[in-house]
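Here is a brief report on one protein model. Please look at the sequence and fold before reading on.

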Amino acid sequence: PIDSWATTDAELTALTAKALDFATVFGVDVTEAVQRAGSFVENGLARDATHAFDLMVDSAQRVPAAMRGDLLEAADEYGKHLAGLGFTGEEAFALLVEASKKGPIALDKAGDAIKEFQIRSTDMSATSVDAYKAIGLNAEEMAGKLLAGGETARGGFDEIVDGLLAIKDPVKRANTSIALFGVPLEDMAVNEIPGFLSSLNDLDGGFGDVTGKAAELPGRWYDSLLD
């Protein structure tokens, strides 16, 4: 519940207003808006509820209206996997927004690929070990980095993606990528895989500073509740 995120009446009023404004402006049920924001705090994509609404507003403004529900659902479902790999909320939402440009199926496949990667990249299976060998990395060392979370995991992730992109033979690069990212990449054409890989580590910090984005919404609720 939203009242569990606020320590003062003023904070509760402000958060309630942001939820109402988000729901009104973007045509989302207010209960769903609150639940999504809470999920993003719990899965590590947002520092707190205010940050969650700022991320939600910024990302909702970057996609077509028809994709907003899919975007929030994808961030909810795959957020814990992205956060576990050291992605910030700004980077995670930027990645999902980029994937959503090709529609809901492409968005789901991008999320599924990240989910599969988090499993395969640390399972020490023969397939993943061989994939690491193909890009000149030690499987045990890389698994340790990824499991450490935070900046360590993010750095390890970038090393892996850079290693995959450095493979010159497109067929070998595709097969090695599939070994670590799983079935979602099998549906891609060989020439599409480099673009997908590049989108994973070419985020430049994501959206940048999203602070205050929710407060910029038309203030019909915000202003009335603070009067």
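## Basis

This is a predicted model: local features need pLDDT of at least 70, side-chain atom pairs count only at pLDDT 80 or more, and totals for chains, interfaces and linings use all residues. Residues are numbered from 1 along each chain as its sequence is written, and side-chain values use heavy atoms, without hydrogens or water.

## Helix H3

H3 covers residues 49-60. Helices are DSSP runs (H or I, at least four residues), numbered from the N terminus.

Eleven of the twelve residues of H3 are buried, so the rest of the structure largely encloses H3. Buried means under 20% relative accessible area (1.4 Å probe, protein chains only). Among them are His-51, Phe-53 and Asp-58. Asp-48 caps the N-terminal end, with a side-chain oxygen 3.3 Å from the backbone nitrogen of Thr-50.

## Helix pair

The axes of H6 (residues 104-120) and H10 (residues 170-181) come within 7 Å and cross at roughly 80°. Axes are lines fitted to C-alpha atoms over the stretch in contact, and angles run from 0 to 180 degrees between N-to-C directions. H6 and H10 are therefore roughly perpendicular, a term for 65 to 115 degrees.

## Ala-153

Ala-153 lies in helix H9 (residues 150-165). Its relative accessible area is 0%. Ala-153 touches Gly-84, Leu-85, Gly-86, Lys-145 and Leu-146, not counting residues up to four places away in sequence. Contact means heavy atoms within 4.5 Å.

Terms used:
Helices (H or I, at least four residues) and strands (E, at least two) are DSSP runs, numbered from the N terminus. The expected span of a helix is 1.5 Å times one less than its number of residues. Buried means under 20% relative accessible area, exposed over 50%, partly exposed in between (1.4 Å probe, protein chains only). A polar contact is a pair of N or O atoms within 3.5 Å; within protein, one must be able to donate a hydrogen and the other to accept it, and residues adjacent in sequence count only if both atoms are side-chain atoms. Angles under 35 degrees count as roughly parallel, over 145 as roughly antiparallel, 65 to 115 as roughly perpendicular and the rest as oblique.
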